[in-house]
Amino acid sequence: MSNLIAALAVIISLAALAYARLQAVYSRQQLELAERIRREASEPYVVADIQPRAGGSGLLVFTIENIGPTVARDVELSVTPPLKGGERTDWDEKIAQVVGRKIPHLPPHRRLEWFFTFGPRFMANPDLPRLYTVTVKSHGPAGPVEPLTYIIDLDVIQAMALDRDTVVAKLDAIAENTKALKKLPNQ
């Protein structure tokens with residue numbers, strides 16, 4: 001009987017050891033995850049995109065923005081294929097130079113934007129690339145940040161209201177109407 005009790009105690013001890021080992025592995029995974037979350041929460045987060053300049057604007061701009069809580073340093077972009085807006089070759093070359101330069105620092109919530117193209121003309125030209133892959137590399141307070149890759153699909157924004165009147169166009173129309181009213185005879 002005592003041999004049976006001893007064997008049962010050994011089996012229970014082995015099961016407890018296996019369970020404790022499993023808990024240790026799970027705790028280690030939780031600790032690593034918590035450390036990664038803490039580290040990523042304190043890193044810069046640089047986003048690249050192509051979007052309308054402002055509500056109702058037909059202008060598309062290439063933007064880079066640090067939406068993270070800390071300064072991004074040594075920000076490098078690679079864009080494949082090279083950005084081609086189709087407006088003028090020198091504009092495409094200028095944006096290629098800007099994108100090819102290392103940005104020394106990008107503070108939190110800083111947004112940089114460059115003219116890319118006029119949306120309705122761009123969308124009317126089927127020969128221009130519609131899909132771009134942008135990879136962003138940068139450094140944060142703890143060193144290199146994991147590279148971020150964005151796929152910019154301009155066909156997604158094709159149906160947006162890129163050809164709506166801008167505020168400036170609406171103000172011009174108001175000014176023209178005001179001039180026309182001033183020319184009417186007083187009654």
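These legends accompany several close-up views of a predicted model. Local features need pLDDT of at least 70 and side-chain atom pairs count only at pLDDT 80 or more, while totals for chains, interfaces and linings use all residues. Residues are numbered from 1 along each chain as its sequence is written, and side-chain values use heavy atoms, with hydrogens and water left out.

**View 1. The largest pocket and its lining.** Welcome to the first stop. The largest pocket has a volume of about 180 Å³. A pocket here is an open set of points on a 1 Å grid over the protein atoms alone, where a 1.4 Å probe fits, with protein on both sides within 12 Å along at least five of seven lines. Its volume is the space filled by probe spheres set on the points, which are joined across faces, edges and corners. Lining residues have an atom within 4 Å of a point, and here they are Arg36, Arg39, Glu40, Glu43, Pro44, Tyr45, Pro69, Val145, Glu146 and Leu148. Helix H1 (2–41) and strand S7 (143–153) are the elements that give two or more residues to this lining. Helices (H or I, at least four residues) and strands (E, at least two) are DSSP runs, numbered from the N terminus. By class, the lining holds five nonpolar, no polar and five charged residues. In this count Ala, Val, Leu, Ile, Met, Phe, Trp, Tyr, Cys and Pro are nonpolar, Asp, Glu, Lys and Arg are charged, and the others, Gly among them, are polar.

**View 2. A nonpolar patch made by Met1, Leu4 and Ile5.** These residues form a surface patch of about 390 Å². Patch residues have over 30% relative accessible area and no salt bridge, and nonpolar side chains (Val, Leu, Ile, Met, Phe, Trp, Tyr) are joined within 5 Å, like charges within 9 Å. The areas come from the Shrake-Rupley method with a 1.4 Å probe, and for residues only the protein chains shown count as cover. Leu4 lies in helix H1 and counts as exposed because its relative accessibility is 55%. For all views, buried means under 20% relative accessible area, exposed over 50%, and partly exposed in between (1.4 Å probe, protein chains only).

View 3. Glu113 and Arg53 in a salt-bridge network. A salt bridge is a side-chain nitrogen of Lys or Arg within 4 Å of a carboxyl oxygen of Asp or Glu; the whole structure has eight of them. In the one shown, the closest N and O atoms of Glu113 and Arg53 are 3.1 Å apart. Glu113 sits in strand S5 (residues 111–118) and Arg53 in the loop between strand S1 (46–52) and strand S2 (59–66), so the pair links distant parts of the chain, 60 residues apart. Both partners are partly exposed, Glu113 at 28% relative accessibility and Arg53 at 45%. The salt bridge of Glu87 and Arg121. The closest N and O atoms of this pair are 2.9 Å apart. Glu87 belongs to the loop between strand S3 (72–80) and H2, and Arg121 to helix H3 (residues 119–124), so the bridge ties together parts that are 34 residues apart in sequence. With a relative accessibility of 22%, Glu87 counts as partly exposed.

**View 4. Asp155 meets Arg130.** Here the closest N and O atoms of the salt bridge are 3.3 Å apart. Asp155 is in the loop between S7 and helix H4 (167–183), and Arg130 is in the loop between H3 and strand S6 (131–140), so parts that are 25 residues apart in sequence are tied together. Asp155 is partly exposed at 40% relative accessible area, whereas Arg130 is buried at 15%. Lys84, from the loop between S3 and H2, is 46 residues from Arg130 in sequence and 9.3 Å away in space, C-alpha to C-alpha. Lys84 counts as partly exposed, at 43% relative accessibility.

**View 5. Backbone details at Pro81, Asp74 and His109.** Most residues other than glycine have a negative phi, and most peptide bonds are trans. A cis peptide bond joins Thr80 and Pro81, with omega about -15°, and Pro81 is placed in the loop between S3 and H2. Asp74, in strand S3, has a positive phi near 50° and is partly exposed at 30% relative accessible area. His109, in the loop between S4 and S5, also has a positive phi, near 65°, and is exposed with a relative accessible area of 60%.
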